[in-house]
Amino acid sequence: KDPESAHLIRGVPREIMRRLISTGGGVGYFGELPAYVCVHVPSLKKLLMNMMQENEVDLLFYAQGVKPMLDGNIVKGVVVQGKGCREAIEAKVVVDATGDGDIAAAAGAQYSFGREDDNEAINMTLMFTIGGIDMEKYFEAEVEENSTWPPVTREAHFSDMRHGNSYWFSSSKGLSERPQITQSMREEIDRYMWSTNHSRGHIFACSSPIKDELYINVTEVYKKSGINSWEISEAIKISYKQADLLYRMYRAAVPGFENAYIREIAPLMGIRETRRILGNYVITGDDVQAYRKFKDAVAGSSHPIDTSEDNKGRFDMLKSGEFFEIPYRCIQVKGFEGILTAGRCISADHDALGSIRPTATCMALGEAAGTAAAMAAEKGISPDKLDGVDVRKRIGWDTSRLKDFTGEIENKEPTLQRSNN
């Protein structure tokens, strides 16, 4: 009812989503931001380009960071490979927002990868959209009570869907066992799909701004490295096969999908976990489940711990209304100056990453890193010399407005710093 009392992530991420919803490019909740915003991707691209130009950001397309420019342990810039040339770009501060910690790792920073016991990373997913769906027919036949996240009644879900509002929801359990699915298709499913309770068995989707379209979040690829181009390529090939199988299964056995078709496939593999760069604090799953708060917090999350790798991962919901915070020290790079991280490559253990990795939190971490980089440049110092409390103040990370929603906010920190081996 009052977004100010419930939204943890604000700042630039919320401005982006509000502007997107106002133009019809994002699915909101009666004009406001829900827990999740499903977007029309071309509209988001256009908005981001406009916002960059409004703020006079210099953009360089068709170029990839190759390696850092180092002076001892100080990162002085990045060498990039563009079309036709390789060049060095000097910088007072570098923010590694590659998702994989490519620049920090190339500089020699320590990092962890995957689960502690076997280095298995969270599964990959290739998102795609299906259009041409008769939504009324599909919803009436397939969508059951208690199928949404966040949870609402079936009646409310139907009503909200008709008003253009969005939830993640599941339907059509046991789909691969329906009589419309042929034996040959089941054999293909057995060959290309691992999960017994996800890709083989149901639809998990969110409503698109386009009325006859769903975003499908069901493909799963395990045991592939997101920092190996050959393995990513193999994962993409597997995902295309899975998407085709899922589409054929939906069209054959789900009411409302009789005239459906694959409208778009994501251009990049959805990689949930690779390197986690060691910072001056390592946030852990224990911190998440303790709803720990920090004086130098710059972001936070209330997302479940979701580490679904090879069917052995965790999915632990947090208490309703609770959240944890991420300290500025987690985006610093231990032992290095002139560099920060942002997104899923920050300093966290495997379980904590399961709650940190969703887009809204990664966007907040990006805003924090960019702001800290500007502050350090203004002061002529390395970002590791900044006081995280000052960064918190500059970005306006203030959770006091949430105390009626979550109970009294306390800044609790463990006595000992955690670090990876």
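Let me begin with a term: a residue is called buried under 20% relative accessible area, exposed over 50%, and partly exposed in between, with a 1.4 Å probe and protein chains only. The model is predicted, so local features need pLDDT of at least 70 and side-chain atom pairs count only at pLDDT 80 or more, while totals for chains, interfaces and linings use all residues. Residues are numbered from 1 along each chain as its sequence is written, and side-chain values use heavy atoms, with hydrogens and water left out.

I turn to the sheet. Helices (H or I, at least four residues) and strands (E, at least two) are DSSP runs, numbered from the N terminus. Two strands pair if DSSP finds at least two bridges between them. An open sheet is formed by 6 strands, ordered β9-β10-β11-β12-β8-β13, with antiparallel pairing. Strands β9 (148–149) and β13 (261–265) are at the edges with a single partner strand each, so one side of each has no neighbour in the sheet. Within the sheet, β10 (residues 168–171) and β11 (residues 203–207) are joined by 4 bridges, and Phe-169 has Ala-205 in β11 as its bridge partner.

Two helices lie across these strands. Contact here means heavy atoms within 4.5 Å. Axes are lines fitted to C-alpha atoms, for helices over the stretch in contact, and angles run from 0 to 180 degrees between N-to-C directions. Helix α8 (residues 229–253) lies across β8 (128–131), β11, β12 and β13, and runs at about 150 degrees to β13.

Next, the aromatic residues. Rings of Phe, Tyr and Trp (its six-membered ring) pair if their centres lie within 6.5 Å; planes under 30 degrees apart count as stacked, over 60 as edge-to-face and the rest as tilted. By this rule there are 8 aromatic pairs. In one of them, the ring centres of Phe-139 and Phe-158 are 5.3 Å apart with planes at 70 degrees, so the pair is edge-to-face. This pair links distant parts of the chain, 19 residues apart: Phe-139 belongs to helix α5 and Phe-158 to helix α6 (residues 154–162). Phe-139 is buried at 0% relative accessibility, and Phe-158 is buried at 7%.

Tyr-281 and Phe-294 form an edge-to-face pair, with 5.3 Å between centres and 70 degrees between planes. Tyr-281 lies in the loop between β14 (275–277) and α9 (285–289), and Phe-294 in the loop between α9 and β15 (297–301). Are these two residues buried or exposed? Both Tyr-281 and Phe-294 are buried. One aromatic cluster is made up of Tyr-138, Phe-139, Phe-158, Phe-169, Tyr-250 and Phe-257.

Arg-292, in the loop between α9 and β15, is buried with a relative accessible area of 18%, and its side chain makes a polar contact of 2.4 Å with that of Asp-287. Thr-274 is in the loop between β13 and β14 and is buried at 1%. Which side chains does that of Thr-274 meet in polar contacts? They include Asp-100 at 2.6 Å and Arg-344 at 3.0 Å.

Note on methods
Polar contact = N/O pair within 3.5 Å; in protein donor to acceptor, adjacent residues only side chain to side chain.
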